[in-house]
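Here is a short report for a reader new to this structure. Start with one residue, then step back to the chains and their contact.

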Amino acid sequence: MGMFGAIDAAASGLTAERLRMDVISNNIANANTTRTAEGGPYRRQMVMFQPRNGSQSTFSQIFSQQMEAGSGVRVVGIVKDESPTKKMYDPNHPDADKQGYIEMPNINIVAEMVDMITATRAYEANVTAVNAAKSMALKALEIGK
Amino acid sequence: MRIDPLQLLPVTGRLSPQSSLPASESDKSFGHFLSEALGEVNKLQSDAANAGVRLAAGKIEDISEVVIASEKATIALQLTMQVRNKVVEAYQEVMRMQV
(Lines give C-alpha, C1' and ligand atoms only; values in the text may rest on other atoms or scores of the structure.)
Protein backbone atom coordinates (compact mmCIF):
# COMPACT_ATOMS: atom_id res chain seq x y z
CA MET A 1 0.00 0.00 0.00
CA GLY A 2 1.83 3.01 -1.23
CA MET A 3 0.61 6.50 -1.94
CA PHE A 4 -2.07 5.22 -4.30
CA GLY A 5 -3.23 2.15 -2.36
CA ALA A 6 -6.90 3.13 -2.27
CA ILE A 7 -6.89 4.17 -5.92
CA ASP A 8 -5.22 0.91 -6.99
CA ALA A 9 -7.73 -1.17 -5.05
CA ALA A 10 -10.69 0.71 -6.52
CA ALA A 11 -9.16 0.49 -10.00
CA SER A 12 -9.01 -3.29 -9.70
CA GLY A 13 -12.70 -3.19 -8.75
CA LEU A 14 -13.43 -1.14 -11.88
CA THR A 15 -11.66 -3.69 -14.07
CA ALA A 16 -13.44 -6.60 -12.39
CA GLU A 17 -16.89 -5.03 -12.72
CA ARG A 18 -16.24 -4.21 -16.35
CA LEU A 19 -15.42 -7.86 -16.99
CA ARG A 20 -18.61 -8.87 -15.18
CA MET A 21 -20.52 -6.50 -17.46
CA ASP A 22 -18.87 -8.13 -20.49
CA VAL A 23 -19.93 -11.57 -19.30
CA ILE A 24 -23.53 -10.46 -18.60
CA SER A 25 -23.78 -8.86 -22.03
CA ASN A 26 -22.51 -12.07 -23.59
CA ASN A 27 -25.15 -14.05 -21.66
CA ILE A 28 -27.93 -11.76 -22.87
CA ALA A 29 -26.63 -11.89 -26.43
CA ASN A 30 -26.63 -15.69 -26.33
CA ALA A 31 -30.01 -16.06 -24.64
CA ASN A 32 -31.34 -17.90 -27.71
CA THR A 33 -28.21 -19.72 -28.86
CA THR A 34 -29.04 -23.40 -29.38
CA ARG A 35 -25.78 -24.75 -30.75
CA THR A 36 -22.21 -24.32 -29.58
CA ALA A 37 -18.84 -25.73 -30.56
CA GLU A 38 -19.01 -28.25 -27.67
CA GLY A 39 -22.52 -29.27 -28.69
CA GLY A 40 -25.75 -28.51 -26.88
CA PRO A 41 -27.11 -25.06 -26.09
CA TYR A 42 -25.13 -22.13 -24.73
CA ARG A 43 -24.63 -22.22 -20.97
CA ARG A 44 -24.74 -19.17 -18.76
CA GLN A 45 -21.33 -17.86 -17.66
CA MET A 46 -20.43 -16.39 -14.29
CA VAL A 47 -17.32 -14.59 -13.01
CA MET A 48 -15.53 -15.53 -9.80
CA PHE A 49 -13.80 -12.84 -7.74
CA GLN A 50 -11.09 -13.24 -5.14
CA PRO A 51 -9.29 -10.72 -2.92
CA ARG A 52 -5.93 -9.80 -4.38
CA ASN A 53 -3.17 -10.30 -1.85
CA GLY A 54 -1.21 -13.22 -3.23
CA SER A 55 -0.68 -16.59 -1.62
CA GLN A 56 1.26 -16.17 1.61
CA SER A 57 2.82 -19.16 3.28
CA THR A 58 5.40 -18.22 5.89
CA PHE A 59 4.43 -16.88 9.30
CA SER A 60 5.86 -13.42 8.70
CA GLN A 61 4.09 -13.08 5.38
CA ILE A 62 0.74 -14.08 6.86
CA PHE A 63 1.37 -11.77 9.82
CA SER A 64 2.18 -8.77 7.62
CA GLN A 65 -0.87 -9.57 5.53
CA GLN A 66 -3.03 -9.39 8.64
CA MET A 67 -1.57 -6.02 9.53
CA GLU A 68 -2.35 -4.19 6.31
CA ALA A 69 -5.30 -3.63 4.00
CA GLY A 70 -5.59 -5.82 0.93
CA SER A 71 -4.92 -4.55 -2.55
CA GLY A 72 -8.14 -4.98 -4.43
CA VAL A 73 -9.96 -7.72 -6.23
CA ARG A 74 -8.92 -10.16 -8.91
CA VAL A 75 -10.89 -12.36 -11.26
CA VAL A 76 -10.13 -16.04 -10.69
CA GLY A 77 -12.01 -17.23 -13.70
CA ILE A 78 -15.19 -17.46 -15.70
CA VAL A 79 -17.22 -20.58 -14.92
CA LYS A 80 -20.21 -22.15 -16.60
CA ASP A 81 -23.53 -22.42 -14.85
CA GLU A 82 -24.39 -26.13 -14.90
CA SER A 83 -28.04 -25.71 -14.00
CA PRO A 84 -30.48 -27.60 -16.27
CA THR A 85 -31.38 -26.11 -19.62
CA LYS A 86 -34.92 -25.31 -20.67
CA LYS A 87 -36.83 -27.39 -23.26
CA MET A 88 -39.01 -25.68 -25.80
CA TYR A 89 -41.40 -27.27 -28.29
CA ASP A 90 -40.57 -26.11 -31.83
CA PRO A 91 -40.62 -28.96 -34.37
CA ASN A 92 -39.60 -26.72 -37.28
CA HIS A 93 -36.32 -25.72 -35.64
CA PRO A 94 -33.24 -27.38 -37.24
CA ASP A 95 -31.88 -28.28 -33.78
CA ALA A 96 -35.11 -29.95 -32.64
CA ASP A 97 -34.99 -33.60 -31.55
CA LYS A 98 -37.33 -36.36 -32.70
CA GLN A 99 -40.09 -35.29 -30.33
CA GLY A 100 -39.85 -31.72 -31.66
CA TYR A 101 -38.17 -30.20 -28.59
CA ILE A 102 -35.13 -27.91 -28.64
CA GLU A 103 -32.81 -27.24 -25.73
CA MET A 104 -32.63 -23.55 -24.87
CA PRO A 105 -29.83 -21.92 -22.79
CA ASN A 106 -30.25 -21.78 -19.01
CA ILE A 107 -30.48 -18.00 -19.12
CA ASN A 108 -33.13 -15.99 -17.36
CA ILE A 109 -33.21 -12.55 -18.94
CA VAL A 110 -34.70 -10.96 -15.81
CA ALA A 111 -31.90 -12.35 -13.64
CA GLU A 112 -29.33 -11.07 -16.14
CA MET A 113 -30.87 -7.59 -16.05
CA VAL A 114 -30.70 -7.59 -12.25
CA ASP A 115 -27.05 -8.69 -12.42
CA MET A 116 -26.40 -5.88 -14.88
CA ILE A 117 -27.86 -3.30 -12.51
CA THR A 118 -25.69 -4.72 -9.72
CA ALA A 119 -22.58 -4.49 -11.89
CA THR A 120 -23.37 -0.92 -12.90
CA ARG A 121 -23.93 0.17 -9.33
CA ALA A 122 -20.80 -1.59 -8.12
CA TYR A 123 -18.84 0.19 -10.85
CA GLU A 124 -20.28 3.50 -9.68
CA ALA A 125 -19.31 2.68 -6.10
CA ASN A 126 -15.72 2.06 -7.20
CA VAL A 127 -15.65 5.35 -9.11
CA THR A 128 -16.89 7.10 -5.99
CA ALA A 129 -14.10 5.46 -3.97
CA VAL A 130 -11.49 6.65 -6.48
CA ASN A 131 -12.85 10.18 -6.35
CA ALA A 132 -12.93 10.16 -2.54
CA ALA A 133 -9.33 8.93 -2.37
CA LYS A 134 -8.27 11.58 -4.86
CA SER A 135 -9.98 14.40 -3.00
CA MET A 136 -8.38 13.19 0.25
CA ALA A 137 -4.93 13.33 -1.36
CA LEU A 138 -5.60 16.80 -2.76
CA LYS A 139 -6.94 17.97 0.62
CA ALA A 140 -3.70 16.79 2.22
CA LEU A 141 -1.80 19.04 -0.19
CA GLU A 142 -3.80 21.99 1.12
CA ILE A 143 -2.38 21.58 4.63
CA GLY A 144 -0.58 24.76 5.59
CA LYS A 145 -2.00 26.89 2.82
CA MET B 1 30.42 32.60 49.68
CA ARG B 2 32.11 31.84 46.42
CA ILE B 3 30.26 32.12 43.16
CA ASP B 4 31.55 30.25 40.18
CA PRO B 5 31.84 32.32 37.04
CA LEU B 6 29.52 31.37 34.20
CA GLN B 7 31.13 29.07 31.72
CA LEU B 8 30.14 27.23 28.58
CA LEU B 9 29.32 23.63 29.15
CA PRO B 10 30.61 21.20 26.59
CA VAL B 11 27.90 19.59 24.56
CA THR B 12 27.67 16.05 25.81
CA GLY B 13 26.59 12.81 24.29
CA ARG B 14 22.93 13.18 25.17
CA LEU B 15 22.45 15.79 22.49
CA SER B 16 24.41 13.99 19.82
CA PRO B 17 22.31 13.04 16.82
CA GLN B 18 20.80 9.64 17.20
CA SER B 19 21.39 7.43 14.23
CA SER B 20 18.20 5.41 14.23
CA LEU B 21 18.20 4.99 10.47
CA PRO B 22 20.10 2.08 9.01
CA ALA B 23 23.46 3.00 7.54
CA SER B 24 22.36 2.56 3.94
CA GLU B 25 19.49 5.00 4.36
CA SER B 26 21.38 7.66 6.26
CA ASP B 27 24.17 7.65 3.68
CA LYS B 28 21.80 8.92 1.03
CA SER B 29 21.73 12.66 0.61
CA PHE B 30 18.67 14.86 0.38
CA GLY B 31 19.36 15.33 -3.31
CA HIS B 32 19.30 11.59 -3.79
CA PHE B 33 15.84 11.29 -2.24
CA LEU B 34 14.63 14.26 -4.28
CA SER B 35 15.83 12.87 -7.59
CA GLU B 36 14.33 9.47 -6.69
CA ALA B 37 10.95 11.09 -5.99
CA LEU B 38 11.15 13.14 -9.19
CA GLY B 39 11.93 9.98 -11.13
CA GLU B 40 8.82 8.37 -9.68
CA VAL B 41 6.68 11.35 -10.73
CA ASN B 42 8.22 11.27 -14.19
CA LYS B 43 7.42 7.56 -14.47
CA LEU B 44 3.77 8.20 -13.58
CA GLN B 45 3.61 10.95 -16.18
CA SER B 46 5.06 8.76 -18.91
CA ASP B 47 2.72 5.91 -17.87
CA ALA B 48 -0.25 8.24 -18.32
CA ALA B 49 1.01 9.46 -21.69
CA ASN B 50 1.66 5.89 -22.79
CA ALA B 51 -1.86 4.83 -21.77
CA GLY B 52 -3.30 7.74 -23.75
CA VAL B 53 -1.38 6.72 -26.86
CA ARG B 54 -2.50 3.09 -26.52
CA LEU B 55 -6.10 4.20 -26.06
CA ALA B 56 -5.88 6.33 -29.21
CA ALA B 57 -4.41 3.37 -31.08
CA GLY B 58 -7.29 1.18 -29.93
CA LYS B 59 -5.01 -1.22 -28.05
CA ILE B 60 -6.66 -0.70 -24.68
CA GLU B 61 -9.82 -2.43 -23.50
CA ASP B 62 -10.30 -0.71 -20.20
CA ILE B 63 -10.94 3.03 -20.30
CA SER B 64 -10.74 3.28 -16.52
CA GLU B 65 -7.08 2.21 -16.75
CA VAL B 66 -6.24 5.36 -18.73
CA VAL B 67 -8.23 7.68 -16.48
CA ILE B 68 -6.69 6.20 -13.32
CA ALA B 69 -3.17 6.56 -14.77
CA SER B 70 -3.75 10.21 -15.59
CA GLU B 71 -5.31 10.87 -12.17
CA LYS B 72 -2.27 9.36 -10.47
CA ALA B 73 0.02 11.52 -12.60
CA THR B 74 -2.02 14.62 -11.73
CA ILE B 75 -1.87 13.97 -7.98
CA ALA B 76 1.86 13.20 -8.07
CA LEU B 77 2.59 16.35 -10.04
CA GLN B 78 0.53 18.47 -7.65
CA LEU B 79 2.48 17.02 -4.72
CA THR B 80 5.72 17.88 -6.54
CA MET B 81 4.51 21.42 -7.10
CA GLN B 82 3.63 21.80 -3.41
CA VAL B 83 7.12 20.63 -2.39
CA ARG B 84 8.69 22.98 -4.92
CA ASN B 85 6.59 25.89 -3.64
CA LYS B 86 7.75 25.16 -0.08
CA VAL B 87 11.39 25.07 -1.17
CA VAL B 88 11.11 28.36 -3.05
CA GLU B 89 9.30 29.89 -0.09
CA ALA B 90 12.11 28.82 2.25
CA TYR B 91 14.73 30.22 -0.14
CA GLN B 92 12.94 33.57 -0.36
CA GLU B 93 12.58 33.67 3.41
CA VAL B 94 16.36 33.27 3.73
CA MET B 95 17.03 35.92 1.08
CA ARG B 96 14.80 38.37 2.92
CA MET B 97 16.92 38.03 6.05
CA GLN B 98 18.53 41.25 7.33
CA VAL B 99 22.32 41.21 7.36
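Gly72(A) is buried, because 21 other C-beta atoms lie within 10 Å. A residue counts as buried if 20 or more other C-beta atoms lie within 10 Å of its own, as exposed if 12 or fewer do, and as partly exposed in between; C-beta atoms are placed from the backbone. The model is predicted: local features need pLDDT of at least 70, side-chain atom pairs count only at pLDDT 80 or more, and totals for chains, interfaces and linings use all residues. Residues are numbered from 1 along each chain as its sequence is written, while chains are lettered from A and ligands numbered from 1 in the order in which they are written.

Gly72(A) sits in the loop between helix 2 (59–66) and strand 2 (73–80) of chain A. Helices (H or I, at least four residues) and strands (E, at least two) are DSSP runs, numbered from the N terminus. Leaving aside neighbours within four places in sequence, Gly72(A) is in contact with Asp8(A), Ala9(A), Ser12(A), Gly13(A) and Arg52(A). Contact here means that the C-beta atoms of two residues, placed from the backbone, lie within 7 Å.

Thr33(A) belongs to the loop between helix 1 and strand 1 (45–51) of chain A. Thr33(A) is partly exposed, with 14 other C-beta atoms within 10 Å. Apart from neighbours within four places in sequence, Thr33(A) is in contact with Pro41(A), Tyr42(A) and Pro105(A).

In chain B, Leu34(B) is part of helix 2. Leu34(B) counts as partly exposed, with 13 C-beta neighbours inside 10 Å.

The table pairs each of these residues with another in its own chain.

| Pair | Apart in sequence | C-alpha to C-alpha |
|---|---|---|
| Gly72(A) and Ile28(A) | 44 residues | 28 Å |
| Thr33(A) and Met104(A) | 71 residues | 7.1 Å |
| Leu34(B) and Thr80(B) | 46 residues | 9.9 Å |

**The two chains**

Chain A has 3 helices and 4 strands. Along the sequence they follow the pattern α-β-α-β-β-β-α. The radius of gyration of chain A is 22 Å, well over the 15 Å that the globule rule gives for 145 residues, so chain A is more spread out than a compact globule. That radius is taken over C-alpha atoms, and the globule rule is 2.2 Å times the number of residues to the power 0.38. The C-alpha trace of chain A spans about 80 × 40 × 20 Å along its principal axes. Of its 145 residues, 18% are buried. Among contacts in chain A with a separation of 6 or more, 68% join residues 24 or more positions apart.

Chain B has 3 helices and 0 strands. From the N terminus on, its elements run α-α-α. Buried residues make up 10% of its 99 residues.

**Where the chains meet**

The axes of helix 3 (residues 109–141) of chain A and helix 3 (residues 63–95) of chain B come within 10 Å and cross at roughly 10°. Axes are lines fitted to C-alpha atoms, for helices over the stretch in contact, and angles run from 0 to 180 degrees between N-to-C directions. The crossing makes helix 3 of chain A roughly parallel to helix 3 of chain B. Angles under 35 degrees count as roughly parallel. Residues in this contact include Val130(A) and Leu138(A) from chain A, and Ile68(B) and Leu79(B) from chain B.

Ala11(A) touches Val130(A), Ser64(B) and Ile68(B), not counting residues up to four places away in sequence.

Methods:
Angles under 35 degrees count as roughly parallel, over 145 as roughly antiparallel, 65 to 115 as roughly perpendicular and the rest as oblique.
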